[in-house]
Amino acid sequence: EKEFVVDRRLLTCDLSTIRDIDEAITRRCFGFKSVDDYYAHASSGKRLSDVDVPLLVINAADDPIAFLGPPGSGTELPDAVSTNHNLILALTRQGGHLGWCDDKDAWGAPRWIESVTLKFLEAVIGNKHDGRLE
């Protein structure tokens, strides 16, 4: 079993972003040579072409973790988003990271995301022919 010991000097520096934390701790914990190497390995983008069942990918433009930029910003999406017929990408302007709180009850459950997900699943179940979305 591999042991990971945090260098206390790293914890006393200014870790003000997720990237800073990933550089100081996460990538070292899992043995990556750089934070960019860790991000490349962890990214789902390179795995999207292998998806062989219907998948709804929901991302917010203001997501600080999986940042795609605002709709129409020209951010390059993985090729699979346009070539894999099993994928549907829903890109919202706001939502943060796993947020999508409702305007009427910002502190309540994220009903919007639940509603969209259920509608997607109902459509997949109702239109299932050969496992692909049509």
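1. Arg19 has a relative accessibility of 39%, so this residue counts as partly exposed. The model is predicted: local features need pLDDT of at least 70 and side-chain atom pairs count only at pLDDT 80 or more, while totals for chains, interfaces and linings use all residues. Residues are numbered from 1 along each chain as its sequence is written, and side-chain values use heavy atoms, with hydrogens and water left out.

2. Arg19 has a charged partner. Its salt bridge is with Asp36, and the closest N and O atoms are 2.9 Å apart. This pair joins distant parts of the chain, since Arg19 sits in helix α2 (residues 18–29) and Asp36 in helix α3 (residues 35–42), 17 residues apart. Helices here are DSSP runs (H or I, at least four residues), as strands are (E, at least two), numbered from the N terminus. Asp36 also counts as partly exposed, because its relative accessibility is 47%.

3. How many salt bridges does the count come to? There are three, where a salt bridge is a side-chain nitrogen of Lys or Arg within 4 Å of a carboxyl oxygen of Asp or Glu. Glu23 bonds in this way with Arg27, with 2.9 Å between the closest N and O atoms. Glu23 also forms a salt bridge with Arg28, where the closest N and O atoms are 3.4 Å apart.

4. Arg27 and Glu23 are both in helix α2, four residues apart, which is about one turn of the helix. Arg27 counts as buried because its relative accessibility is 13%. Glu23, with a relative accessible area of 27%, is partly exposed, and Arg28 is also partly exposed, at 34% relative accessibility. Buried residues in α2 include Asp22, Ala24 and Thr26.

5. Helices α2 and α3 pack at an angle of about 95°, and their axes are 9 Å apart. The axes are lines fitted to C-alpha atoms, for helices over the stretch in contact, and angles run from 0 to 180 degrees between N-to-C directions. The two helices are therefore roughly perpendicular to each other; angles of 65 to 115 degrees count as such, under 35 as roughly parallel, over 145 as roughly antiparallel and the rest as oblique.

6. Which residues meet where α2 and α3 are in contact? From α2 they are Ile18, Arg19, Asp22, Glu23, Thr26 and Arg27, and from α3 they are Val35, Asp36, Tyr38 and Tyr39, with contact meaning heavy atoms within 4.5 Å. By class, this contact of α2 with α3 has four nonpolar, one polar and five charged residues. Just after α2, Gly31 has a positive phi of about 80°.

7. The structure has two aromatic pairs. In one, the ring centres of Phe32 and Tyr38 are 5.5 Å apart and the planes stand at 55°, so the pair is tilted. The other, Tyr38 with Tyr39, is also tilted, at 5.6 Å centre to centre and 45° between the planes. Rings of Phe, Tyr and Trp (its six-membered ring) pair if their centres lie within 6.5 Å; planes under 30 degrees apart count as stacked, over 60 as edge-to-face and the rest as tilted.

8. Ring pairs link Phe32, Tyr38 and Tyr39 into a cluster. Phe32 and Tyr38 are both buried, whereas Tyr39 is partly exposed, with a relative accessible area of 30%.

How values were computed: Buried < 20%, exposed > 50% of the residue type's maximum accessible area, 1.4 Å probe, protein only. Nonpolar A, V, L, I, M, F, W, Y, C, P; charged D, E, K, R; others polar.
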